[in-house]
Amino acid sequence: KSQFAGVSPHDKHTLPFTEKGECEQKFIARKRVPGPVFNKARDTSSELLLFLLLCAVSVHKLSAQKSPLFPTDIACAPDGSLVMTEKGVCRVAVYSTDGKELKAFYDLDAVPTGVAVTADHIYVTTFEVEGRLHALSMKDGSESFSVYTGSGACPPVVNEKTARAYVCNQFHDTVSEIDIRTGKLLRTVEVSREPVSAALSPDGRSLYVANFLPDTRADVDYV
């Protein structure tokens, strides 16, 4: 019995006769391909146009999407406004008390890590290449000063009575003290491993610092 039974003469002549198994595989593969592929040329112009239109729509949708905000810190201003640092868009934003209205925003040159607010200023820490403390006008966002603190600058703590700001520098294992009237760095104090947060005592005489990693053996109790 011919292994080409049911195949057109054209197909018989175009399929080379080799070993039985190889020839049957070639015949099966060719039989499964739709005939129109071999019988006529496909019009690709309309398909290309459709493809380009789909690409254009996709690009438009991507460009229209809003970037995620990735908030890093939030503070409440004396007038009730909410001030938030937003890592995703590299800015500090001022919202209404209910958080529904964006009242103002100020772009930053580096990733914001924390914020503290007084009646006149917004104090923002940033860290990307280096850690800094920035003082922005609450009125229009203009920068009063920008001072280097250290690697891994964390949210600032501000004491309005003494006109001092404190910044934990996580990766330098230090805390910086800044005069917020002049923008000058007053001193840098070494502390335990990776300080990440601080709090002032009610009288403003003590600063309590929390370190992220223990400065002791890992198999003992510690506070």
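Salt bridges, counted wherever a side-chain nitrogen of Lys or Arg lies within 4 Å of a carboxyl oxygen of Asp or Glu, number 6 in this structure. The structure is a predicted model, in which local features need pLDDT of at least 70 and side-chain atom pairs count only at pLDDT 80 or more, whereas totals for chains, interfaces and linings use all residues. Residues are numbered from 1 along each chain as its sequence is written, and side-chain values use heavy atoms, with hydrogens and water left out. Side chains of opposite charge can pair when their charged atoms come close.

One of these salt bridges joins the side chains of E86 and R91, with an N to O distance of 2.4 Å. Burial is described here by relative accessible area, with buried meaning under 20%, exposed over 50% and partly exposed in between (1.4 Å probe, protein chains only). On this scale E86 is buried, at a relative accessible area of 0%, and R91 is likewise classed as buried, at 12%. A second salt bridge is formed by the side chains of E177 and R164, at 3.7 Å from N to O. Because E177 belongs to strand β11 (residues 174-179) and R164 to strand β10 (residues 164-169), this pair ties together parts that are 13 residues apart in sequence. E177 is itself buried, with a relative accessibility of 10%. A further salt bridge links R181 with D179, whose closest N and O atoms are 3.4 Å apart; R181 is exposed, with a relative accessible area of 62%, while D179 is buried at 9%. R164, E177, D179, R181 and R187 are linked in a network of salt bridges.

The strands named here, like the helices, are DSSP runs numbered from the N terminus, a helix (H or I) having at least four residues and a strand (E) at least two. Two strands are taken to pair if DSSP finds at least two bridges between them. Strands of a sheet pair through backbone hydrogen bonds, either parallel or antiparallel. An open sheet is formed by 4 strands in the order β1-β2-β3-β4, with antiparallel pairing. Its edge strands, each pairing on one side only, are β1 and β4 (102-107), and the twist from one strand to the next averages 20°. Such angles run from 0 to 180 degrees between N-to-C directions, the axes being lines fitted to C-alpha atoms, for helices over the stretch in contact.

Within this sheet, strand β2 (residues 82-86) and strand β3 (residues 91-95) are paired in the antiparallel sense over 5 bridges. T85, which lies in strand β2, has V92 of β3 as its bridge partner. T85 is buried, with a relative accessible area of 0%. The side chain of T85 is joined to that of T72 by a polar contact of 2.7 Å, and it also reaches the backbone nitrogen of D73 at 3.1 Å. A polar contact is a pair of N or O atoms within 3.5 Å; within protein, one atom must be able to donate a hydrogen and the other to accept it, and residues adjacent in sequence count only if both atoms are side-chain atoms.

Another open sheet contains 4 strands in the order β5-β6-β7-β8, and the pairing is antiparallel. Here the edge strands are β5 (112-117) and β8 (143-148), each of which pairs on one side only. Strand β6 (residues 121-127) and strand β7 (residues 131-137) run antiparallel and are joined by 7 bridges, with F127 standing opposite G131 in β7.

Backbone angles in two loops were also examined. Most residues other than glycine have a negative phi, and most peptide bonds are trans. F70, found in the loop between α4 (45-64) and β1 (71-76), has a positive phi near 50° although it is not glycine, and F70 is exposed, with a relative accessible area of 52%. E194 also has a positive phi near 50° in a residue other than glycine; E194 is located in the loop between β12 (184-190) and β13 (195-200) and is buried, at a relative accessible area of 18%.

The loop between β12 and β13 also holds V191, which counts as partly exposed at 30% relative accessibility.
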